[in-house]
Structures are given as C-alpha cells and as structure tokens.
Amino acid sequence: MKKNKLQILTNGIIKENPVLVLVLGTCPTLAISTQAINGIGMGACVIVVLTCSNIIISALKRIIPDTVRIPCYITVIATFVTIVQLVLKAYAPSLDKALGVYIPLIVVNCIILGRAEAFANKNSVIDSALDGIGMGLGYTLTATVMACIRELLGSGTLFGAPVTANLFSPFTILIMAPGGFFVFGCLIALVNRITKGKVKDKRANKCIGCPGAEFCSDVNKEGGCDNK
Amino acid sequence: MSLTAAFYIVLSAIITNNYVLSKFLGICPFLGVSKKLDNAMGMSVAVIIVMVIATAVTWPIQTYLLDKKGIGYMQTIVFILVIAALVQMIEIFLKKYIPSLHKALGIYLPLITTNCAVLGVCVLNIDNEYNFLQSILNAFGSGVGFTLAMFLFAGVRSKIETNDYPEAFKGIASTLVAASITSLCFLGFSGMLEKIFGM
Amino acid sequence: MADKHTNLIVSSAPHVCNPADTATIMRDVVIALIPALAVAIYVFGFRALLMTAVCAAACVFFEWAVRKIMGRENTIGDWSAVVTGVILAFNLPVNMPIWMAVIGCFIAIVVVKQIFGGLGQNFANPAIVGRIALFIGFATPMTTWAVTEKMSQAIINNAGVDAVTGATPLAMLNAGAAELPSNLEMFLGTINGSMGEISACALLIGGIYLVVRKVISPAIPVSFIATVAVLAAVMGYDPIFQVCAGGVMLGAIFMATDYVTSPITTKGRIIFGIGCGIFTMLIRAFASYPEGVSFAILLMNILTPHIDSITRSKLNGVPKKGGAEK
C-alpha cells in the first residue's frame, strides 16, 4: 500500500497523532506542558531528533542486522539527542534549563523508537523524513495546545505575557501535577469524541502507550500487544 | 552523611518528589501495567532492582571515566546503552541462576530499558551532584516511590475497572483523570519532610 | 420507579430488603447538616446561607446538565448532588468568591463523579476532591478567614489589621499565638474557619441523628476521632482542641462515611478511620498546611480497595485458592 507524500506528512498531525491517538511520549508532554514556550521548544527538539533518526535508520535499514536493531536504533537516537542537547546548551540556555532532564529523556521517548520500528525501517528515506516531520509536528502541536491551556488557566499568561492574570486569580492547580493528568485526559476524551472511537482499535494494540510495545510479549494481553 | 540525611533523601524521593506523581517519570508503565496488582508489583520490584544497579554502574562511569576524560557530554549515549546492556545481563543472570525470580519478573525486564524513570534517575543523580551513596539512596527511594504510586493506583483501577464510563472517557482518558485525583493526595505532604528532618 | 406488584414477582434471594433508597438516605444527610448550617448562619451571617444555596444549586445543575449531555437518565432526584453541594460549601471560607465555589462544584460533580459513570462509581469523595483542588488552586481565598463579632474574643484579638480576617485556631496554634479560644468555644463553634466546620457540637448532633437513623455506622467517625485524640495527646497537644478544630468532625461524620468511597466491613472501616486520624495528625503536625483532614480522607479513599481486599470476609466451604478470588 503506497501512500502519497502529503498523506504521510499529515498522518502524524491528525489521524495518527502520536500523543493523543497513539498515546506515546506521555511523560515529557505532561511534565513540560506548564508553559506554552516549553511546548514549542520540546516539540522542536522532538522534530529534529525524530526526523534525523528516521532518515539515518531508513538509510541503514539494509545494513543493520535484525537481531540487534533496537540497540542500533537507540544509539542513533541518543547521538542526535546529544547533538540537540549541546546546541541548546550553547544557544538557548534558558530553554535547556526549563526542559532539564526531559531533553536527555527524549532517547527513551517511545514516539521516536516507535516510529523507527514501525515506519523508518520499512520505508524509503524521503518517506521516513516526511513521517518524522509529520509526527514531530503532531507532537509539537499537541504539547503546545496542552501547554497553552495549562498556562492560560493555571497562571493567567500566554507565552509569558499576562492575559487574564490581572483580571481574576488563575487556578494554579492546573500547572501542577494533577492538572497535567487532567488536561491530558480531557484532550484525549475530546479526540475520542471527535473521532467517535474510530481510532480506538489502533490504540488498544499499542498497550496504552506502553514503552516497550515493541519488545513486549504479552504483559497486557487483554486488548493489546499483538501489534505489528 | 548522617542517618537523618539518608532518610531525608529516601523519603523525599518516595513522597514529596514522587517520580510518577510529581515528576512524571515512568508514566507509561504506570498507566500500562497498573491494571492488576500482581503485575504492578512485579514491575515495581523489577524497577527498584534495575534503578539501584543502573545507578551503581552509571555513577562511577560518569565520575571516573567520562568526567576524567572530559567527555561528559557522552552521558546520554553511554547511559542508555549501559542500561540496555544491564537489563539484558540481569535477565540472562536471572534465567540461569534464579529461574523462579526470572519467571516472576522476566516479562517486565525488557520493558524497563525504555522506562524513562530509570534513565531519569541516573541523569538526575549526576545533575544533583549526589555522591555515590546519596545516588544509591535516591535510586532506591525513587524505585520505592514508583512502587507506592503503582500500589495505590492499582487499587484505584481495580475499583473503577467495570465502571460505566461516558463514551468519550472510556479507556485511557478516564485513567488519566483517576491519576490526576491520585496525585492530588501527594500534595498534602509537601513541606512535611523538611519540617521533620529540619532541612 | 418501584413496581407496585413487586411482591408477586418470583425472585432469587435475598427476599427481605430495606425500603431505604438513595433519596431517603441523602435526605437524612441533608437534615443532619441543618444544625451546622444554623450555626454557620448565626456566626457568619446571611452569606453562609447564600454560599450553601449556590453550591447546592450548582451541583444539581451540573449533575443535570452533564447527564443530559451524556444522554443518560436524570439522577438529580436522588439528592446526592445536593449533599455534595452542601458539604462542599461547608468546606469553604464564607467569603470565597462565588465563581470559585462553582468551579469546585464542577470538579466535584463532573470530574470526580460523572466522568467515572455517576453515583456509586467514583473512587474518591467528590466534595473532598473539590475542596482540595480549590485549596491548592486558589490558595489565598481558600485561606482567608472572616472574623465576625460573634466569635471568641481570642480570635477577634488575633485578627489582622483589617479586623475582618484572621487566622483559624489551628493556624494560630501553629504560629504560637499567645491566646487560643477556650475548648468550650471550640466545641460550640464560635470560632472562624470553613463555614460548616466550626461547630463540633452541631456536627455531633447531626452525626447522632444519622447513627440513630442507621444511615451511617459509627465505626469510621469513632475510630477517626479517637485516633486524632490519642495522637494529639501523645504528641503533646490538647486532644479536645485538636478534635474540635478544623475539619475533623465534618470529615469524620459526613465525608469519611461516604458509602461509595469507604470500606464495606466494620473491620475495614475501623482501619479506614484510624488511617484518616493518623494522616490528619501527621499533616497537622509536620506538613506546610495547617489542616490535613481532606488529604487524609482522600488518601484513605484511594487505599479503600486494598483495605476491602484484605478485610473481605472469607466464604465458607470454598477452597482456599480459586473460589473466593476474583
């Protein structure tokens, strides 16, 4: 089944949105979405790492032996994460500080490993690059929307500029841990509502975003892990 | 390091800085493997073991190898590969020498490589400039904190599993709302350890 | 709803059942809350009534609206939303902005209860979560306590420069105030604090009414209050002061006893009550918040499934493994 290029690109933004539909990469999304600018920053890092690693993995797919492919993928991903880390440290130290430990943790972000496994090692370099950009944009969009909601309601600002902060007191719990879980849950419910459960089967196969969906045998037998 | 300082590190990693419920590390297994208490506890024990061993291995590597050679920036690559190799070795070791334990924990071990809490604790120990003993204590406390969150949440999920949810909130969405309410109660303990230990 | 001819239908056991339904029980709870409301109106004035009415109305509205949106049967007739609204209002300071209180009602009814499928399916007490969310989300208004001339002289003397707001007795104790309200004042409720919490006496009357009407079992309130008293004595506080202060009475009698979120067996309920007492005192003594009742009850709500599973009575004549297991 051949998809056209545009479809590959837009796939990740809406239909297979990595965060809301595939429920991957939950940890960083929840953690950094307290400020809109963090959402964009984290999103940019994910786009870069995802696109580059997709390209390399796709290019090397005939060379990498199947049995050791996961360690190879991790090495490739970790290399790009390190590059991003160094670039941020040098040119955007404040963002580096805000995202903190979640930058190195992009390595274990299941979106990236998941795309390497599910897309890049089966498709051409150009398709893989487009997939990386699309999925990355989907991630960025979600993280930013979520961060905007939490920042606006939780601290009354948007991108650091006061919006409603002077009008009424913000509901600070939204920028704390419970607010993160709650807003994320509501966004997923919204997607469920819009798609009327059409994407549910796809999600069930993904072990509710379990990190090792690729390796796992049958941890969560009911409803999942017969993926691939 | 005094005994109180040791207790403080362990308890704050368990309660006030709980990895899952306040730092959002290890959310994936927290949501994915908490449906049944047995599975949740199996996963948790495996996480505690791997966290402590991974810290015990990565801390000396960072301090005596990477920093000495001036290649501290290799941290991410080295750590993730070490953790992946470590998990493999633990699995092989258990399979050969303690098959009963391997049977109990075996299916959880491969999942742990990409559990961000494990890599997270190794990196955070270095970032916080903990010494070796502090790092081990922090890793142990973080693992126990993960276990506590899993234990609480497994109970909640057993209770709400058969609920008649609204269509849109079926599945992961309601699980996240439940996690949100669960994480609320941890906020009540803020400031407690500082007062008890006089920090 | 009840079929007039139920007595003609052949059914399996149990055949004897209690005529009490949810609405009867919930109406009893509302009646039991009236003494505390009366004290609140006496001490804080008309606004206490207004707040209570607004919260009850908002909860009923949200219950109706969300069921309507979900296309489900209307459940406002079971009075549970009214109870949640009144109890939530009792947990708020009297001068809380109305719109914030309405947000609390939204959280209690929609987020905690209806998202999980409605009455009986929530795992945490709606009013408790509503209160905690407001407490953390709107920290300043939730800890601004009105002072009126009806209150104990000690509180009036301790009031801030504006003389209309001041610290609660617990906060005064934490801050080491020179003069505290007497135990009699604490018991009667001429103190400041959340609207419905102040009068231990009025809450106790409501509690006794509920026990007499067999709406609640005394296991949780008694074990909760006793644990607080014992721990207070052990930690060197005044037990009567600690029991009457803050939300212990309201929490123990009206919130910890919620059927849905507390254990089923008496043994489980005693464990639940003791746990509530321990965490309440731990938070009061050591955490940065002066009051810990709501956090303690929420934590025990979360632990309830585990308490239930260890205290569930074993079935007779069933092999140890298998049968009794789920």
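I take a patch to be made of residues with over 30% relative accessible area and no salt bridge, nonpolar side chains being joined within 5 Å.

**Entry: the surface patch.** With that definition in hand, I looked at chain A of this predicted model. I found a nonpolar surface patch of about 370 Å². The residues that make this patch are A:I55, A:I56, A:L60, A:I63 and A:V125. I then looked up one of them, A:I63, and placed this residue in the loop between α3 (36-59) and α4 (69-91) of chain A. Is A:I63 buried or exposed? I noted a relative accessible area of 64% for A:I63. A:I63 therefore counts as exposed, since the cut-off for that class is over 50%.

**Entry: chain A as a whole.** I next read chain A along its sequence and recorded the pattern α-α-α-α-α-α-α-β-β-α-α. That gives nine helices and two strands. Chain A has 228 residues, and 57% of them count as buried. I recorded an accessible surface of about 9,500 Å² for the chain, with 68% of this area belonging to carbon and sulfur atoms. What share of the contacts in chain A with a separation of 6 or more comes from residues 24 or more positions apart? I noted that such residues account for 70% of these contacts.

**Entry: confidence.** I recorded an ipTM of 0.90 and a pTM of 0.89 for the model. Residues 322-326 of chain C have a pLDDT below 50. Beyond near neighbours in sequence, I found three contacts for this stretch in the model.

**Entry: helix α13 of chain C.** I turned to helix α13, which spans residues 248-255 of chain C, and found this helix mostly covered. How many of its eight residues are buried? I counted eight of eight. The buried residues of α13(C) are C:V248, C:M249, C:L250, C:G251, C:A252, C:I253, C:F254 and C:M255.

**Entry: C:H306.** I located C:H306 in helix α15 of chain C, which covers residues 293-311. The relative accessible area of C:H306 is 11%. C:H306 is therefore classed as buried, because the cut-off for that class is under 20%. Which residues does C:H306 touch, leaving aside those up to four places away in sequence? I listed B:L37, B:F151, B:L152 and B:G155.

Terms used. Residues numbered from 1 in each chain as written. Chains lettered and ligands numbered in written order. Predicted model: local features only at pLDDT ≥ 70, side-chain atom pairs only at ≥ 80, totals over all residues. Heavy atoms only, no water. Helix = DSSP H or I, 4+ residues; strand = E, 2+ residues; numbered from the N terminus. Buried < 20%, exposed > 50% of the residue type's maximum accessible area, 1.4 Å probe, protein only. Contact = heavy atoms within 4.5 Å. Areas by Shrake-Rupley, 256 points an atom, 1.4 Å probe, with all protein chains shown as cover. pLDDT = per-residue confidence, 0-100. Patch = residues over 30% accessible without salt bridge, like charges linked within 9 Å, V, L, I, M, F, W, Y side chains within 5 Å. Salt bridge = Lys/Arg side-chain N within 4 Å of Asp/Glu carboxyl O.
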